[in-house]
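Please examine the sequence and the three-dimensional structure shown below.

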Amino acid sequence: MTKKAHAPLSQSEKLLFSGALRHDKAWAQYENPLLRMSFWAMARQFPAMLAMIGRTAWREDPRALVVLAAAQLVSGAMSAFLLVATNQVLVHLFASGPTPEKLRESLPALLAGGASSAGSVLLGCLIVKVEGRLYPKIELSCRTAYYTMMTRVEMAAMEDKDIHRQLALGQYGTDSVRRMLSNSVWIISGLMSLAAAATVLACLHPLLPAALALIAAPRWWGAVVVMRRAYASQHAWIDHRRATDVLLYPITRADATPELRVHGAGRLLIRAQEDMGRTAAAEKARLAGAEAKTELTAAAMSGTARITAYALLWWLLTSGGMPLAAAGTAVLAIRNATGYLNQIVTQLNHMCEESLYLTDMDNSIKLGARHAIPDNGATVKGAGVDVVLADVTFRYPGATRDALRGVSLTIPQGKVVALVGENGSGKTTLAHLVAGLYLPTSGKVFHNRVEIHDADRNSVFDKVALLPQDVGSWPMTVRANIHIGDPARPMHQEKIEAAAEQAGIRQVVEELPHAWDSIALKGFERGVRLSGGQWQRIGIARAVYRRRDLLIVDEPTAALDPKAEIDMFDSLRSFTDDGTTTVLLITHRLAATATADLIHVLHDGRLVESGTHTELMALDKGRYRELYQLQAAQYNPPLPGPRKEETV
Ligand SMILES: Nc1ncnc2c1ncn2[C@@H]1O[C@H](COP(=O)(O)OP(=O)(O)OP(=O)(O)O)[C@@H](O)[C@H]1O
C-alpha cells in the first residue's frame, strides 16, 4: 500500500492559507484512485482498458484499427524472423571452410534479414500514418461523448457535490484516450517482440528464457518502486501544486485586480510561489535521489544476472552444449529482449497514469447517463403555456432544509406574474422548477396539464426563455452571444439587431470597433469588455431573440440605470400584448410589480400571499404591503425638521 503523506508546509502557506490549501472538489478525488492504484492491479486491468479503447476505435474507424493491429502483428513476427535470419548468418559464418564460400552460403539469410529489417521500417511508417488518422478520431469521439453527457445531466445532479465531483473528473480523461491507445500499441508491440525473442532463446537452449527472466526482474522491480514512489509523492503534493497555480492565476488575468499593482499584492504572490516552489523543488530532488539509488540497485542486480547468463553461455560453449553461432544469436536476443522489457515497463508506467483519467471519464459518462434529463415522454403542446404548481416542496441535494414548502399557485397564460419576497425566500428556486430545470422533491408542476415529471423535457424547455440573475457571458462574438438564446435555429442577423434594439444595446454594439464581430472577452483579438449593465441588456436581447411562450426574468434591472429600468419594465409588459406570452418576473423593485396581473409573495419557502397589487395592499398587516411601504418610504423620506437650537 502506498504510504499516505502530506507535503510539508511553507511559511507562505501558513501566512496565506493558515495551513495547506486543500481542494474539496475534483482534484482531491485523485487521492483515492492514486492510492488504490498498484502496478500489478493496473497490469491486470490492462485487457479491460484495451477492450474499451478497442471498442471506441472500432466504432470510429474499423479499417484503421484492423490495419494497425495487423501491422503490429507482422512487425512482431518480423523481429522474430530477423533473429532467426541472424542466427543462420552466424551459423554459416562460424562453420569451417573458406570465407568466400561461407559468405556465399550466408547470403540468402543475410538478404532475408535485410528484407525483414526494411519491412519493419516500412511497417513502422505505416503504423505512424494509421495512428495519426485513428487517434484524433478517438479523442474527438470521447470528448464529444463526455461534453454531450454534461449538457444533458439534471441540474439537481450537478448540484449534488459527490455526483458533480465525479462528473467533473471525467474531463481530464478526454486527452488520455489517445495517449493510452498509443501506450497500448507500444506495449503490445513490445510484448510481441519479447515473445519472439524468448521463443528464439527457448529454441537455442531451454535455460536461456529463465536467464532472461533473471535479467529482467530487477529492472522491472526498479521501475515499479520508482513509479509507486512518484504516485505517493504526487498524492501528497497535488494540492500544493494546485495551490501554487491558484496563487499565480490572478497575475496572468487581463482584468487582474488593481490591488495587484497598487497594494503590491503581486509581490506577495510571487514571494509565496517562490517559497512554495522551493519546498516542491526539494521534494523533486528527493525523488530524483531515491530514483537514482533504486536504479543503481536494479542495475547491479540485473548486471549480476546478465553476467550469470553470459557465464551460462560460456559454460554451454565450452562444454559443447551450444555452437558459437547459437551463442551469438542468444547474446543478440538477450540484448533485444531487455530493450523490449524496458519499453514495456515504461509504457505500462505511463499507462497507469493515463488509465486513472480514462477510468474517471468512463465512470463520468456512465454516471451522467444515469442522471440524464429524459428526452422522451409526453409533449407539452399548444400555443402559450399555463403553469400550475400543486403542493410543491423542493430541497436542494445535500441541503438540510427545504427551499420551497407546500407551494400551490398558478401562472396563467398571457399575464405578467410577479414573484416577490425577501432574499432566500425561494423565488429563483421556484422559477427554476417552473422552467423544468429541477423536479419537485414532492408535489407536482404542470405545463398545459402535462406533469413535468412525465414530460419530454425538451418540449418544456422549448416553451421557456430565461433571463437569469447572472447573465452568462460566452467567449464568442457579441452577435453569437445573442444568438445563443436560440441556437437551434439558423443565425438571423436582422432578428439579432431587432432584439438588441429592443434591449437598448444595439447602438453600443454598433459603435464598437468591430461591432457585431467583437469578441465578448478581453484578451482576444477584437476582444471587448462590456459593463455589468451592458451585459444585462445583452441578456435581455437574448431572451427577446429567443421569444418563447414563457419568459422567466430574474432580477432584470439590478445593473440598469433608472431610465433603463423603467424602459425594461415597460418592454416586459409589452411581451404579453400577443395574449399568449407569459412573463414570470422576479424582482425586489415593488414599483414594477404594481402593474403585474398577479403577484405571488414568498416567505421562507412558503407562498404567503397571492393577488393583484390593489388586493395585496388592502390586506391588513400583509407582507407585500409591508415590503411595499418600506420601499416607498425610502423614496419619500420625512423632510428634515428644524434644528434644535433654531426651535429654542
Ligand atoms: N444550489 C443551491 N444549493 C443549496 N441551497 C440553495 C441553492 N440555491 C439556493 N439555495 C437555498 O435555497 C433558498 C432559496 O434560495 P433562492 O435563490 O431561491 O432565493 P431567492 O428568493 O431567489 O433569493 P434572492 O432574492 O436573494 O435572489 C436559500 O436558502 C438558498 O440558500
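Which helix gives the most to the shell around the ligand? Helix H13, residues 427-435, does so with three residues; helices (H or I, at least four residues) and strands (E, at least two) are DSSP runs, numbered from the N terminus. The model is a predicted one, in which local features need pLDDT of at least 70 and side-chain atom pairs count only at pLDDT 80 or more, while totals for chains, interfaces and linings use all residues. Residue numbers start from 1 along each chain as its sequence is written.

Among the residues around the ligand are Glu-159, Tyr-396, Asn-423, Lys-427, Thr-428 and Thr-429. The shell comprises three nonpolar, seven polar and two charged residues; Ala, Val, Leu, Ile, Met, Phe, Trp, Tyr, Cys and Pro count as nonpolar, Asp, Glu, Lys and Arg as charged, and the others, Gly among them, as polar.

Helix H18 covers residues 532-546. Of its 15 residues, 12 are buried, that is, 20 or more other C-beta atoms, placed from the backbone, lie within 10 Å of their own. The buried residues include Gln-534, Arg-537, Ile-540 and Tyr-545. Just after H18, Arg-547 adopts a positive phi of about 40°.

Four strands build an open sheet with antiparallel pairing, in the order E2-E1-E4-E5. Its edge strands, E2 (404-411) and E5 (450-451), each pair on one side only; two strands pair if DSSP finds at least two bridges between them. Strand E4, residues 442-447, is joined to E5 in the antiparallel sense over two bridges, and Phe-446 stands opposite Glu-451 in E5.

Note on methods
Near = placed C-beta within 6 Å. Expected span 1.5 Å × (residues − 1).
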